[in-house]
Amino acid sequence: MTAHEIVFHPHVHTVYSDGHGTHAQVLRAALQAGVDVVQFTDHNVRVEGVEGYYTDGTRRVLALMGEEMHDRTAGPAEQGNHLLTFGAQMELAPYAEHPQRLVDATLRAGGLAFLAHPHDPPAPVVGEGAFPWRRWEVRGYHGIELWNAMSEFKARLRSWAHVLFYALQFHRVARGPFPQTLALWDDLTRRGQRVVAIGGSDAHAIPKLGGRVRIFPYAAHFRAINTHVLLPQPLQGQVAADRDAVYAALAAGHAFVANDLLGSARGFRFRAQGAAGTAWMGDTLALDRGVTLQVRLPARARVRLLRDGQEVFARPQAEVFAYPVQQPGVYRVEVYRHAWGRWRGWIFSNPIYIRP
Ligand SMILES: [Zn+2]
Ligand SMILES: [Zn+2]
């Protein structure tokens with residue numbers, strides 16, 4: 001089966017919460033940047049009547065409505081627990097005070113639940129607190145936001161000099177998901193949980209210096225960290241059907257996370273081939289004689305294959321490779337490129353689960 005790849009941006013704020021752009025401004029930026037699907041995730045508010053296709057004459061973008069939920073009554077020590085909910089088609093804010101009930105209500109409504117920025121550092125220089133996920137006893141969510149551009153930006157802000165340096169050089173911010181988030185993800189999947197990784201900007205387009213600088217414009221974010229989703233057929237131009245197809249693919253983990261600033265990641269593929277059939281990222285395949293993992297990169301780059309969080313194969317420069325599987329485990333791929341003075345994470349695949 002051929003995969004039809006779309007670029008999905010899952011996490012954006014507008015004037016309906018603490019973002020500084022309207023839906024129309026965000027969608028214009030998405031069209032400029034060439035994103036196929038944008039999902040709005042304002043804090044504890046679902047805005048009706050926005051979902052749909054928008055066009056600038058030559059390109060189109062599908063707008064979807066999610067939410068980013070948290071308990072507004074939580075004290076300082078409980079700040080965080082931001083949950084991204086997709087596709088529920090109802091207002092979930094009444095459940096926001098209780099993370100487990102919120103996840104359960106999201107699933108009952110046919111939606112998806114992802115833990116937003118599970119590790120989020122404070123940035124005291126700019127007066128920003130930490131909003132990590134804290135309630136690890138919660139069960140039933142689909143996945144985690146492995147890579148969040150705003151959390152990574154906050155981690156860079158150790159002084160005002162850093163604030164200025166990175167605010168003016170957006171491309172230097174992104175290096176990859178936090179190592180502790182990668183380790184956490186590997187730990188969850190190694191213990192048998194299916195956890196889908198997504199990545200996004202958490203864009204707010206905050207005006208600074210009297211409105212003369214925007215940290216950062218939406219279009220800059222849409223050219224950087226995205227979630228690439230693989231669909232069994234192209235988007236049809238019909239809102240409800242396309243929405244269902246995008247969310248079904250995300251629920252299945254048919255996706256990878258990429259920083260498209262390092263070069264478009266379109267075309268990356270990771271699949272497993274065995275006697276039982278073909279598995280895409282996110283799928284499970286039984287180990288038999290002759291299961292092979294096949295990786296194709298969009299361009300030559302440094303690549304690592306990991307099994308249960310441990311590197312089992314690496315190449316300093318590769319474009320394609322195949323790896324014969326000897327052991328069951330959770331396999332995933334990381335790709336790096338050298339740019340702006342250091343190695344930077346380019347592509348992080350979702351895992352393929354090879355079971356005994
Ligand atoms: Zn958040
Ligand atoms: Zn957010």
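This is a predicted model: local features need pLDDT of at least 70, side-chain atom pairs count only at pLDDT 80 or more; totals for chains, interfaces and linings use all residues.
**The core**

Let's start in the middle. The largest nonpolar core holds 104 residues, and Ala30 and Ile352 have the most contacts inside it. Domain 1 (4–266) and domain 2 (267–356) both contribute residues, so this core lies between them. Ala30 is in contact with His9, Val35, Val38, Val61 and Phe222, leaving aside its neighbours within four places in sequence.

**Helix H5**

Next comes helix H5, residues 179–190. Its 12 residues reach 16 Å from the first C-alpha to the last, close to the 16 Å expected at 1.5 Å a residue. Which residues of H5 are buried? They are Thr181, Leu182, Leu184, Trp185 and Thr189. Seen down the axis of H5, the buried residues fall within an arc of 160°, so they line one face of the helix. An α-helix has 3.6 residues a turn, so residues three or four places apart point the same way. On the other side of H5, Pro179 and Gln180 are exposed. The buried residues of H5 pack against strands S8 (143–148), S9 (196–200) and S19 (329–339). After H5 comes Gly192, with a positive phi near 105°.

**Strand S6**

Strand S6 (residues 83–86) is covered on both faces: Leu83 and Thr85 are buried on one side, Leu84 and Phe86 on the other. In a regular strand the side chains alternate between the two faces of the sheet. The pairings of S6 are set out here.

| Strand paired with S6 | Sense | Bridges |
|---|---|---|
| S5 (residues 67–69) | antiparallel | three bridges |
| S7 (residues 112–115) | antiparallel | four bridges |

Met69 has Leu83 in S6 as its bridge partner, while Phe86 has Leu112 in S7.

Notes. Residues are numbered from 1 along each chain as its sequence is written. Chains are lettered from A and ligands numbered from 1 in the order in which they are written. A nonpolar core is a set of buried Ala, Val, Leu, Ile, Met, Phe, Trp, Tyr and Cys residues joined through C-beta atoms within 7 Å. A residue is buried if 20 or more other C-beta atoms lie within 10 Å of its own, exposed if 12 or fewer, and partly exposed in between; C-beta atoms are placed from the backbone. Domain bounds come from an automatic or database domain assignment. Two residues are in contact if their C-beta atoms, placed from the backbone, lie within 7 Å. Helices (H or I, at least four residues) and strands (E, at least two) are DSSP runs, numbered from the N terminus. The expected span of a helix is 1.5 Å times one less than its number of residues. The arc is that of the directions from the helix axis to the C-beta atoms. Two strands pair if DSSP finds at least two bridges between them.
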